[in-house]
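Open your viewer and get ready to select as we go.

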Amino acid sequence: MSENPPRARGAGPVLEVDGLSKSFGERRALRDVSLDVQAGELLAVLGPNGAGKTTLLSILAGITRPDAGRITSSNGDVGWVPQQAGLYRRLTVEENLRLFAHMEDVEDVEGTVARMLDQTGLQERRHDPVSSLSGGNQQRINIAIGLLGAPSVLLLDEPSSGLDPSQRVRLWEFVAGLAEAGTTVIYSTHQIEEASHYGDRLVVRADGETIFDGSFDELRHAAGPRPEGTAEDPENDFVRFLRQRGH
Amino acid sequence: MRWLLLKDLQLLRRSPLVTALLITYPIVLAVLIGLAISRSPEKPRVAFLNQIPQDAGLSLGDTGGFSQQEARSRLCAKIECVTASSRAEVEQKVKDGEVLGGLILPPDFLSKLQGELTTNASEPATVEVLVNQDDPLKAQIVDDRISSLLNQANLLLSEKITDVAVNYEQLLATGGEFEIPFLNQTVHVLGLERSEQILRSIQGGLSPAQRSQVEQVTDFARLARENLALANQLLSSIRQPIAVDKQVVAGSVPPLDTFAVAVAAAITLLFVTVLLVSGSLALEREENTFTRLTRGLVSREGLLVEKALLGTAAALVVTLLLLLAITPFESIGWSRIHLIVPAILLAGAASSALGLAIGAAAREVRASALLAFALALPVAFISLVPSGTVSKGLLDVIHVIAGAFPFRPALESLEGALSASGPSIGLPFLHLALLTVAYLAIARIALRRFA
């Protein structure tokens, strides 16, 4: 668990993004992206494949350099969790946590490792090699490592990809718990279902641009009335919204 | 960086089979190569069938000749004679690969040879050689061996014949007793010297005209005697017309055993280090940890240095273990440890840097292992091609290619470190240092597209 004290949502922006742009050759991945993220907020970055979700998160994580724009973090520390678990599969759960805790210069390494094992619910499997864990459990360790440096903002790149439904539910409960405890979480996904359930705020991106920024209810409202005879379904609402915006 | 190093060692400990293979395979390979290039070839095994009647021998007049026993013992000093009782047995042994070739002396061999030496016999003495040329390399070896054996036999024969000719000339010049071969009769030969003396002693009582004629004969006898003495010297020189005076103009040659140890150590070091380091770097990408690590936890340069340290440490441990293992069989100059350790460390650093460049370029563990083998093995072999065995142009190309990789300077460093008579270590050390820097730079550039 993060060493940061719990923060109330909306206490003020912890991350400010202003005019980010990024191109790869002729292709513009991001065009003049600006957004503020509040403390303790769960922000979902949505969009079809190629919308620039991963590029945005990579720039926020400091892995990719933007062509233009500015990022300001009030606390300075931003944790990042890659889409594919970045773990040493031959090492045990505990060894992975301990290694990265040492590398993060965490003061109380053993205490932090113990807390992370509690938080991930993998205490009993602490001595198992990571390769023996399910994809969902590997992703929990992946996220726990992203939290070792006690970041105020945690970036998750499509954290649920490749997980089965029950693993996905457990993962999102874990992530929601982090936000409840005050960590700001920004994650990318193309699952509107997840974003509608586990996102306080949705940023929809398409063709390098932000086409929506608000809550799911606002997105459903923006999508217009549901055709008669169709059931309530976030996916239908999202597709209707995209079509309405010409995507 | 310390934690990364510990992690890599932990990973190695978790993969005992891979680690054992990584260490033992190059050591076995290196020792075999070292032995193969350092040991003089064993005597070739040749199936030998002698069909010559037992009591027959080669007579060369009163100076002697060859008995079959003598000829056989001299021949079998050069080859390992495997006695066969029939032609079929010789053929079978050659076909089975039990022997390199078969040598058959036919029943009439000595009589034909005797005929060549005593008459103008038209049919030469011939030996029969059976070979199994199942591959070009073996065919070349067999041809070389046969040619060498034939030259030695002919040389031996010519030495004996020269001795006989010298004796005959001596007899003609100075006179003496001569035993006619096969007839057991001894005749007295007056000789040119005595003939000249006799003629000079009677010159005083002859008429001027007769004296003039006798003088021509005595002059001829003197001239013939003097020229026969000269011919004698010439014939004697044929025994060994060219003497060898070897002068070393370039290269310090350590003992062959030291060279073999250096080759084994250099190959082991190169393979272990390159495979370990390239695989370790590529693994960071395959485990998706590279981006996580280089996002603030360690710089890319720091990661390269950590892997280079891992490789250099592994090179030191494995090479020292190899040298310790060899110590009971070969004399290792442990008193030169102050040179051996720096040589291993520099060679390890350069090989690690090469491994990093390979790992960064290949980006996958399997591809990097394949690339490491594909590069290291041929480079090690071409670096061992001695000068003079290929054309100058090709040798220059080989030197340029070999110089771009750490094996050759590593070998020279280890040779120089292991033996005082080895090459100087200054230039190889500098060469290794430059290669380390160059390959680290290549690896750093390749890391730009690594994640």
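Predicted model: local features only at pLDDT ≥ 70, side-chain atom pairs only at ≥ 80, totals over all residues.

Select helix α4 (residues 135-147) and helix α5 (residues 165-180) of chain A: they pack with their axes 9 Å apart, at an angle of about 20 degrees. Angles under 35 degrees count as roughly parallel, and α4(A) and α5(A) are therefore roughly parallel to each other. Turn the view and you can follow α4(A) as it passes α5(A) in a right-handed crossing.

Now show the side chains at the contact. From α4(A), pick A:G135, A:G136, A:Q139 and A:R140; from α5(A), pick A:Q167, A:R170, A:L171 and A:F174.

Next, move to chain B. Here 4 strands form an open sheet with mixed pairing, in the order β4-β1-β5-β6. Look at the edges, where you will find β4 (80-83) and β6 (128-131) of chain B; each has a single partner strand, so one side of each is left without a neighbour in the sheet. On average, neighbouring strands of this sheet are turned by 30 degrees against each other, direction ignored.

Zoom in on strand β5 (residues 101-105) of chain B, which runs antiparallel to β6(B) and is joined to it by 4 bridges. Which residue of β6(B) is the bridge partner of B:L103? Select B:V129 to see that partner.

For the last stop, select helix α4 (residues 87-95) of chain B. This helix packs on the sheet and touches β1 (45-50), β4, β5 and β6 of chain B. The direction of the helix makes about 165 degrees with that of β5(B).

Methods
Residues numbered from 1 in each chain as written. Chains lettered and ligands numbered in written order. Axes fitted to C-alpha atoms, helices over the stretch in contact; angles between N-to-C directions. Helix = DSSP H or I, 4+ residues; strand = E, 2+ residues; numbered from the N terminus. Parallel < 35°, antiparallel > 145°, perpendicular 65-115°, else oblique. Left-handed = near helix turned anticlockwise from the far one by under 90°. Contact = placed C-beta atoms within 7 Å. Pairing = 2+ DSSP bridges.
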